[in-house]
Structures are given as structure tokens and as C-alpha cells.
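Please keep the viewer open as you read.

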Amino acid sequence: MTEKHARPKRRRRVLRITLLLVAVLILGTAGAGWWAYSHLNSNIDSVDLDQAIGDNRPKKVVANAQNILVLGSDSRAGANADLDHGDVSGARSDTAMLVHIPEGRSKATAVSIPRDTLITRPECKDGKGKTLPSAKRVMFNSVYSLAGPACVVNTVEQMSGVRVDHFVEVDFAGFKGLVDALGGVTVTLDKPMSGAKGGLKLDAGSHRLNGTDSLKFVRTRYGYGDGSDLGRIGLQQQFMMAMLSEIKKQDALGNPARLYKLADAGTKSLTTDSDLASLTALSDFAQSMKGVDPDTMETIMLPVAYDKVDPNRVIVAEPQATQLWEALRTDQKVPASAKNSPAKG
């Protein structure tokens, strides 16, 4: 065979090998993408709210407004045990915020519900399908341990008249992982945090906190302010704002590598309603919320008063609470009178 005829054959062979390598790379990349998607998807647990609650739910008033119940669980199960060694069984809703995002989605209002609030729990089914009768004067954070997140959603709906569109729950390990994936969150204190009862000890000023210290920060009760649960709500709201600002500052939603790291950490200990229980749904929802600026987000504590029978507990304060819930339900500005809580913390 002459050199003239050999060169085209070699070129064709090189072309075939090149095309084969390209095909392998494309398939490998697609496979990695599919693995990543499947991996993150499988991290998410979900609850079908309509099935769990039934028809006993408030009607939605403003179609394009959104109400999301954010729960922080204090479960000591699994990886959470290493983060809190308290001798506590089961789990409670350590943090509960109803986040209202108005039509237009350019701002938001977060309402914290004190865990020690005495409320009326509606009839619910527990995780085993057993019906729990309605009960009066039970602590809000006990609802989760007795009947799970769907009952917490139902309780919030019944006490507020506000339809909860979605719920998101994250536990200790998920919270720590999320902060560490961000590389920490910066908080600023106007007075020292003493570290009482094993809490975090910080001087006044700004501090960059890792995941473990951030968890201690949001759970600090006795080492800051008046040592009450109401005072702790202020720390939780402050940290939430700082965390949202950090996400915005890093453009975490616009950086694929950082977004994957954040998603992997966040979904490991994540439970949502069934409508949000996929990467696609979470991504679409996150994109729709990009217009919400943490700098314009309003944080409010549900107005409460000290209970006359047990001063260590609080009850919902009226008429402030009704005014607050009505504003959220109808997508109106929350009046100043609705923010006046007799029990301050």
C-alpha cells in the first residue's frame, strides 16, 4: 500500500478514535450529572400535606402569595447526637417561622412562633396513623414530637387562618452542614454572649461562625439578653437574615459548583411537603424567590402575653395576633399595632 493511500486510512482511524473519546466524555458527563441529580433527590424526605391533614384547611385567599412554614427540628437521632448531648428523647420544633412572601415576590415577612406558646392542638394523626384528639393548652413545640410536621402545619393553619403552601424542615446536622458549605456566616453582637449553661461565649462585635458555633448561637438562651425563649427568637431571626445575606453575597444560586455543595449539605437533613420534594421543584421555587432581598425582609415575633396560670409559658395576645394573621392572609402590610407583644423577651 502506498503512503498516499495509507494517510487517509490513518486520518479516518484517528477521527473514529476522537469521536469515540468525545462520546465517552459526553456519556460520562451525563452520567455524573444524573448521579448528582439522583443523589440530591434521594436526600429529600417528604410529607403529603393534603393526605396527612385532609380537607380541614383554610382556603387560599391571594393566589400568587406564598406562605412557607420553616421548622428547625431538635432531633438527637443519627448525626444530630454528636451536635447536642442533651438527655432528650424524640424531637420537637425547636424553631418555627411562618414566612409570608407577597404577590410580586420582592420582599418577605417572617413570623416566629415562640416554642413555649400554649395553643389548642387540632385533631391529628401521628406517624403511625393513630388519631390524636384535639387538646387545649399544650405547648406549641410538643406538637411535632407527638404527631409530626403535618400536625404542626395544621396547628399553625388553625391558629392563624393562613393557608400554608409549603413547609421546609431541617435538623441540627442539616443546619450545620449548610453553614459550613457557605464557609461560615458573620453575625454582629451589640453586647457579649456569656456562654452560660454550655452556650457560646462571644465578645461584642462581629464574628464569623462555623456550623457548630452557629448552631450554638441560634440555640443560646441563658447566655444572652434576659435568658428567655422569647429573647432567643431575636438571635434566630438575626442569624437567618445574616445567612440569607451570605447566600446573596456569594451568588450561591448562580454558581453551579457552590450551588451543588450547598444543595448536598442542605438536602441531607431536609424534609419538605411533597410539592417541593425534588431538585427541580426546589430549584424552580428558589429561582422564583430571587427577587426577595434580605435587606427588606421584616422579622416579627407572634404577639404573646405571659400566661396567668403558668408565668413560664406564654399565650397568644389579642387583638394583635388576629391583626397580624389577617394581614398575612389577605397579603396586606402588617400594621404597627399587630407587632406589639406584651411579653417582650
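The sections below cover the basis of the model, a sheet, a disulfide, the salt bridges and a helix.

## Basis of the model

This is a predicted model, in which local features need pLDDT of at least 70 and side-chain atom pairs count only at pLDDT 80 or more, while totals for chains, interfaces and linings use all residues. Residues are numbered from 1 along each chain as its sequence is written, and side-chain values use heavy atoms, with hydrogens and water left out.

Helices (DSSP runs of H or I, at least four residues) and strands (DSSP runs of E, at least two) are numbered from the N terminus.

## A four-strand mixed sheet

Let's begin with an open sheet. Its four strands come in the order β8-β5-β17-β16, with mixed pairing; two strands pair if DSSP finds at least two bridges between them. The edges are taken by β8 and β16 (304-306), each with a single partner strand, so one side of each has no neighbour in the sheet. On average, neighbouring strands here are turned by 40° against each other, direction ignored. Axes are lines fitted to C-alpha atoms, for helices over the stretch in contact, and angles run from 0 to 180 degrees between N-to-C directions.

Strand β5 (residues 117-121) has four of its five residues buried, where buried means under 20% relative accessible area, exposed over 50%, and partly exposed in between (1.4 Å probe, protein chains only). Towards β17 (residues 314-316), β5 runs parallel and is joined by two bridges; T117 has V314 as its bridge partner there. Towards β8 (residues 135-139), β5 runs antiparallel, with three bridges. Among the partners in β8, V138 pairs with I119 and A135 pairs with R121. Helix α4 lies across β5 and β17, at about 95° to β5, with contact meaning heavy atoms within 4.5 Å.

## The disulfide

How many disulfides does the structure hold? There is one, a disulfide being a pair of cysteine sulfur atoms within 2.5 Å. C124 and C151 are the cysteines joined, with an S to S distance of 2.0 Å. Their link is right-handed, with 80° about the S-S bond. The pair links distant parts of the chain, as C124 is in strand β6 (residues 124-125) and C151 is in helix α4 (residues 149-160), 27 residues apart.

Are these cysteines buried or exposed? C124 is buried at a relative accessible area of 6%, and C151 is buried at 2%.

## Salt bridges

Side chains of opposite charge can pair when their charged atoms come close. The structure holds 12 salt bridges, each being a side-chain nitrogen of Lys or Arg within 4 Å of a carboxyl oxygen of Asp or Glu. One of them joins R57 to D50, whose closest N and O atoms are 2.8 Å apart. R57 counts as buried at 13% relative accessibility, whereas D50, at 45%, counts as partly exposed. These two residues also belong to a network of salt bridges that links D50, R57, E157 and R163.

Another salt bridge brings R208 and E246 together at 2.9 Å, N to O. Because R208 lies in strand β13 (residues 205-209) and E246 in helix α7 (residues 229-249), this pair ties together parts that are 38 residues apart in sequence. Here R208 is partly exposed at 42% relative accessibility, and E246 is buried at 6%. K248 sits in α7, and D293 sits in the loop between α9 (279-288) and β15 (298-301), 45 residues apart. Both ends are partly exposed, K248 at 49% relative accessibility and D293 at 22%.

## Helix α10 and the residue after it

Which residues of helix α10 (residues 320-329) are buried? They are Q320, A321, L324, W325, A327 and L328. Seen down the axis of α10, these buried residues fall within an arc of 160°, so they line one face of the helix. The arc is that of the directions from the helix axis to the C-beta atoms.

Just after α10 comes a backbone detail to look up in your viewer: D331 takes a positive phi of about 65°.
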